[in-house]
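The sequence and the structure are shown first, and the description follows.

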Amino acid sequence: MCMVIFAPIFAICAFATCGGYYGHLQVKVDCADRRSNLSINIDFGYPFRLQEVHFKAPLCEAKREEVIFLEGNFSSSAQFFLTVGVFAFLYSLLATIVYVFYQNKYLRNNRGPLVDFLVTVIFSFMWLVSSCCWAKTLYEIKTATNPTQVLLLISACRAQENKCMATEEPLWSRLNSSAVFGFVNVVLWVGNIWFVFKETGWYKTGHRYPTRSASEKRASEMRQRLYSESSFEQPEEGFGLYRQESFTQQVTRQVSFNQAQVSLSLPHSHLGKPVINKRENEASQGPMIFVNKM
């Protein structure tokens, strides 16, 4: 599966680029009276509780400094994104171990694929939510640490006679990569839903891992049906042939008997001359009268 290969890698990339980030910002304040030329270093990082980040800035009117805090607390979205990445990485490792070493138990009673499908759907949704929140939070972090915004927090920089500038800005490539890796994980886990769904057995009418596949079942049922039909049809065909033969014999006998009767009823001829029956001629002469002579 693609999740086994790529999911742990991209999960590590997502939470490592977010959790291990440290930003550095440097601004310079030049007072008009030339009494102060100070560079200010501002460091911040995960979990981006910027309201706790403070630095000291000079006051050009007096020889003293003020403590300034940055604005914004973005720890919730960053920690949520990091937590999803860590748990996704752990689950990916667990799934890899199960796929490799416990494949039979994973497929038993179809419970493993069902649990895997539900967890994959949950992680897909969590990656989508956390990545969207983190992308929005990253934009807010960039705004809060913008040199222009930071210089407005310094009192000396609000005076027109003083000069303030940013000499070094934070590098955002690492955090940008974390947001990209987050959406890559979204695509990866959502695409993996299809592969896990086919393992559940819901993709087909039956279970995915029965003793015989659906095609084999249909083939065996077709063979049994053809065998049963042929076994029932053979006696009927034999009986039909027997009845047909008996009927033919009866018709042949009846025809021969009729021919015999016809042959008996016809007068016999001898050399083309009719044979006259004497008894019939005598009977045709009428009654005979006998006279007793005295």
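Helices, of at least four residues, and strands, of at least two, are DSSP runs that are numbered from the N terminus. The model described here is predicted.

**The loop between strand 2 and strand 3**

Strand 2 covers residues 37-45 and strand 3 covers residues 54-59, and proline 47 lies in the loop between them. The peptide bond that leads from tyrosine 46 to proline 47 is cis, and its omega is near 10°. Phenylalanine 48 also has its place in the loop between strand 2 and strand 3. Although phenylalanine 48 is not a glycine, its phi is positive, at about 65°. Is phenylalanine 48 buried or exposed? Phenylalanine 48 has a relative accessible area of 0% and is therefore buried, since buried means under 20%.

**A salt bridge in helix 4**

The count of salt bridges in the model comes to one. The partners are lysine 136 and glutamate 140, whose closest N and O atoms are 2.6 Å apart. Both residues belong to helix 4, which spans residues 111-144. Because lysine 136 and glutamate 140 are four residues apart in this helix, about one helical turn separates them.

The table lists the accessibility of both partners, together with that of valine 86, a residue discussed below.

| Residue | Relative accessibility | Class |
|---|---|---|
| Lysine 136 | 54% | exposed |
| Glutamate 140 | 29% | partly exposed |
| Valine 86 | 30% | partly exposed |

Helix 2 comprises residues 75-101, and valine 86 is found in it. Which residues form a nonpolar patch on the surface? The patch is formed by Val86, Phe87, Leu90 and Leu93, and together these residues have about 340 Å² of accessible area. Valine 86 counts as partly exposed because its relative accessibility is 30%.

Helix 2 also takes part in a crossing with helix 6, which consists of residues 173-200. The axes of helix 2 and helix 6 come within 12 Å and cross at roughly 45°. Helix 2 and helix 6 are therefore oblique to each other, as angles under 35 degrees would count as roughly parallel and those of 65 to 115 as roughly perpendicular. The crossing of helix 2 and helix 6 is left-handed.

Terms used: Residues are numbered from 1 along each chain as its sequence is written. This is a predicted model: local features need pLDDT of at least 70, side-chain atom pairs count only at pLDDT 80 or more; totals for chains, interfaces and linings use all residues. Side-chain values use heavy atoms; hydrogens and water are left out. Patches are made of residues with over 30% relative accessible area and no salt bridge: like charges are joined within 9 Å, nonpolar side chains (Val, Leu, Ile, Met, Phe, Trp, Tyr) within 5 Å. Accessible areas come from the Shrake-Rupley method with a 1.4 Å probe; for residues, only the protein chains shown count as cover. A salt bridge is a side-chain nitrogen of Lys or Arg within 4 Å of a carboxyl oxygen of Asp or Glu. Buried means under 20% relative accessible area, exposed over 50%, partly exposed in between (1.4 Å probe, protein chains only). Axes are lines fitted to C-alpha atoms, for helices over the stretch in contact, and angles run from 0 to 180 degrees between N-to-C directions. Angles under 35 degrees count as roughly parallel, over 145 as roughly antiparallel, 65 to 115 as roughly perpendicular and the rest as oblique. A crossing is left-handed if the near helix is turned anticlockwise from the far one by less than a right angle, and right-handed if clockwise.
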